[in-house]
Structures are given as structure tokens and as C-alpha cells.
Amino acid sequence: MDTQSLQAFLAVADHGSFSLAGEHLHLTQPAVSKRIAGLEDQVGARLFDRIGRRVSLTEAGRLLLPRARQILVMVDDSRRAIGNLSGDVGGSLTMATSHHIGLHRLPPILKAYTQAHPEVRLDMRFLDSEQAYQDVLDGELELAVVTLAPSPAPDLTVVPVWVDQLRFVCGRDHPLAGRQSLALSALSTFDAVLPGHLTFTRGIVVDTFAREGLKVQVALSTNYLETLKMMVAIGLGWSVLPESLIDDEIEVLPIDHRPIQRPLGYLMHKSRTLSNAARSMLTMLEAARSPEARHWQ
């Protein structure tokens, strides 16, 4: 099996479309189809069912999928290990970060990194933390700097770099504004605006209420914290936001409850050989770790 055919197979499986796979690989649809046909000849089985415009994996395709990912990761690791022998910091670094961390935490580190290693081509992807986790597990990314999961996958090395203090907030005209003290239960009777239901941050907030036997009424959701802040400011509901986003447009609620915290940090696959470019980025991230993150449990 050649790696180009395997790449085409993964692209079709991930996108569910030959044409979209072609766009992803910068190939024509016939070129993708030719690579898939060649791979099917090699394995002696059909890998995709094509019914109308729908493309789905056959049983053989589902069996090949994780192995194809492993093969490509092993090939990349081998190239990376050989390239590391020179000791040079060059090539490319494929990493992801969330929009919030990319805007509010990473800029000083990225600036220092690009100045120290101008020969590295930085392939920076802005993704939801949950998608970045999966892409690291699948071998698509060397590193991710994101909100850390409460229970990370055992195949990942996960290191906190910062700890966000999440504060309960509302708009200036919200019925809860101006109170001197509030119980956590007071929020349960009002609508909340929170990140999407599959996000780590949403899970942290909902679990905090659940431990007190309370529920959260979520009216609207978005994964962009800056958009959440706007929704709070115009009175669509209360929320929790990092201290870095709090300004005069919104009000911090004096909730009688310990602060909600979420760890932010980097993750990598334990089985992956990191490039010298990635190792240099880890050195800078380690130097940036806050005291709270170093003692995070």
C-alpha cells in the first residue's frame, strides 16, 4: 500500500465525499477515485459503498480505517525521527489551539517562537478543544493547546499551562445585577447562555450545579466566548466567563460558591515522535506555566 492511496482513503472516509476529499488533497475527483480503486485492488475488497451521492465505509473499510491512520502516523514518525538527527529546528509544526487561547494566551509565545525559529513553517489551526483532542489522537496534529478535558484519554500526555478562573456574570440590566450576595441556586431559575453541550467548559459548569442537586436552564449556546460575552451584555442570560473577558459591559455576580476553574494546556500523543520544531514549542510552553498550573490536580 502506498501512502498516497491511504491518504485518499482517509480523506474520503473523513469527508464522506470523493469531491470533498479531492478538495482537501488538492486533487481532482477522478484522481481520488483512481487511488481508491488501486487500494481496493490491493486489499481485494470494496472499501466504500456509493449510493447516490452518499459514500459510506463497508465492513472492510471500517476494518482498514484505524490501521490506515496508524500506518501514516508511523511513516510520519519515521521521517520526523530521521529529520531530528540533524538537531536543526526547521520544517513544519502542525498544531491547533482554541480561539480564546489563541487570542488571549498564545500570542506572546507564538511571537517569541517565530522570532527564535523563523525557518519553521507554523501550520496553526483554530479548532474547538474537543476537535483538537480527537485530531491529536488520530495523528493529524503534533500538538494542541486547548482547554483540557476533565478525564483525558490515556494515550495522551496532557500538561496544564494556565488555570482560568471562570466567573459568573450577567448583563447590567439583568434581574440578578446589583445583588450583594447570591446562592448558586438563584441562577437555576434564570436562563443561561453557555458553550455547546459537548464542550469541556459546558461540562465543568453543569457538573458544578449537579453536585449541588441543581440544573442549568440553557437558552442559547455558542462555542465562541467573545460571542457569549455579547449575549450576556445584551441581557440574553447569565454565563461563566474567564476573568480576561470581563469588562464594564457585564457584571460579576457575587455567587456564594467556590470559583469554577478550568485548566488550559498542551497535549500530545504518547506514541508520537515529536519534531525538533515541536520540542522547541514545548520548551516555551513549559517556561510559561503558571504556579497554579504546576500544582493543578
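**Close-up 1. Helix α6 and the elements that its buried residues pack against.** In this predicted model, the buried residues of α6 pack against the strands β3, β4 (121-126) and β6 and against the helix α10. Within α6, the residues I109, L110 and Y113 are buried. These three residues lie on the same side of α6, because they cover an arc of only 95 degrees around the axis. On the face of α6 that is turned away from this buried side, the exposed residues are P108, K111 and Q115.

**Close-up 2. The largest nonpolar core.** The largest nonpolar core of the model comprises 23 residues, and those with the most contacts inside it are L93, L106, L143, W162, M281 and L285. At least two residues of this core come from each of the elements β3 (92-97), α6 (107-116), β5 (143-147), β6 (156-171), β11 (260-269) and α10 (276-287). Of these, α10 gives the most to the core, with 5 residues. Apart from this core lies another one, made up of 19 residues, including L6, F18, V32 and L65. As a general background to such views, nonpolar side chains in soluble globular proteins tend to be buried together.

**Close-up 3. The surroundings of L93.** L93, which is among the residues with the most contacts inside the largest nonpolar core, has neighbours from several stretches of the chain, and residues up to four places away in sequence are not counted among them. L93 touches Y113, V120, R121, L122 and D123, and it also touches E142, L143, A277, A278 and M281.

**Close-up 4. A nonpolar patch on the surface.** L220, M230, I234 and L236 together form a nonpolar patch on the surface, with about 350 Å² of accessible area between them. One of these residues, M230, is found in helix α9, which spans residues 225-233. M230 counts as partly exposed because its relative accessibility is 40%, a value that falls between the limits of 20% for buried and 50% for exposed residues.

**Close-up 5. Q7 in helix α1.** Q7 lies in helix α1, which is formed by residues 3-15, and it counts as partly exposed, at 37% relative accessibility. When residues up to four places away in sequence are left out, Q7 touches L25 and L72. Between the C-alpha atoms of Q7 and G237, which are 230 residues apart along the chain, the separation is 45 Å.

Terms used: Residues numbered from 1 in each chain as written. Predicted model: local features only at pLDDT ≥ 70, side-chain atom pairs only at ≥ 80, totals over all residues. Heavy atoms only, no water. Core = buried A, V, L, I, M, F, W, Y, C linked by side-chain atoms within 4.5 Å. Buried < 20%, exposed > 50% of the residue type's maximum accessible area, 1.4 Å probe, protein only. Helix = DSSP H or I, 4+ residues; strand = E, 2+ residues; numbered from the N terminus. Contact = heavy atoms within 4.5 Å. Patch = residues over 30% accessible without salt bridge, like charges linked within 9 Å, V, L, I, M, F, W, Y side chains within 5 Å. Areas by Shrake-Rupley, 256 points an atom, 1.4 Å probe, with all protein chains shown as cover. Salt bridge = Lys/Arg side-chain N within 4 Å of Asp/Glu carboxyl O. Arc of directions from axis to C-beta.
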